[in-house]
Amino acid sequence: MKSFRLATMFAAGLLLAPGHPFAQELSGPQVVRTLGRLQGGAPGIDIALLMEEAAASAGKGVAALPDWQKLSKLSQLIVEIDFENDSIAIEPKSYRTVGMIADALHHPNLRRYKFLVVGHTSSTGDAKHNLDLSQKRANAITEALSTTFAIAPDRLFAIGVGEEWPVDPANPQAADNRRVQLVNLGLVK
């Protein structure tokens with residue numbers, strides 16, 4: 001299995017850009033800086049609408065939909081978290097990564113923000129199965145953050161997009177496409 005790697009994404013549209021490679025490993029302070037960068041107010045994001053659109057578009061793509069494009073304007077971080085094959089069980093070695101995320105979310109600079117946890121899969125399996133699996137994996141991360149690491153559950157929202165946004169579109173079955181993305185949704189109200 002691979003070790004964890006983190007990559008940052010800042011520019012508008014990068015969420016939708018094909019072939020975004022993973023960058024260097026990041027430290028906790030870098031995670032705080034990356035997720036704390038908001039340019040102006042965060043656009044209103046309707047999580048229920050995003051979930052409906054993802055379910056209705058499994059295998060067809062959601063990247064071009066306006067509600068999904070709003071996410072590209074927000075501070076975000078791609079995190080590789082290893083799961084057991086076709087499972088929601090987080091590999092033990094990935095708990096270090098989940099712990100680093102939790103430490104960052106407890107930091108005073110991020111404590112007042114809410115976050116979307118987006119689950120992604122590779123293209124092995126059918127699109128509907130991958131969508132369901134990615135949702136369950138995003139739920140597993142939010143559950144681990146809220147129960148094991150005491151992040152307030154009202155600060156975390158989970159959504160799965162399946163195989164819709166591969167970081168390696170030339171190789172959609174690549175393991176790098178299985179990842180979790182954190183998106184800063186703005187201030188908790």
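What share of the contacts in the protein chain with a separation of 6 or more is accounted for by residues 24 or more positions apart? The share is 77%, a contact being heavy atoms within 4.5 Å.

This is a predicted model, in which local features need pLDDT of at least 70 and side-chain atom pairs count only at pLDDT 80 or more, while totals for chains, interfaces and linings use all residues. Residues are numbered from 1 along each chain as its sequence is written, and side-chain values use heavy atoms, without hydrogens and water.

**View 1. The largest nonpolar core.** This core has 27 residues; a nonpolar core is a set of buried Ala, Val, Leu, Ile, Met, Phe, Trp, Tyr and Cys residues joined through side-chain atoms within 4.5 Å. Buried means under 20% relative accessible area and exposed over 50%, with a 1.4 Å probe and protein chains only. Leu35, Ile81, Leu105, Leu110, Ile141 and Leu145 touch the most other members.

**View 2. Surroundings of Leu145.** Not counting residues up to four places away in sequence, Leu145 touches Val98, Ile101, Ala102, Leu105, Ala150, Ile151 and Leu156.

View 3. Helix H2 covers residues 47-56; helices are DSSP runs (H or I, at least four residues), numbered from the N terminus. Its buried residues are Ile47, Leu50, Glu53 and Ala54. Seen down the axis of H2, they fall within an arc of 125 degrees, so they line one face of the helix; the arc is that of the directions from the helix axis to the C-beta atoms. Glu52 and Ala56 are exposed on the other side of H2.

Definitions and conventions: Helix = DSSP H or I, 4+ residues; strand = E, 2+ residues; numbered from the N terminus.
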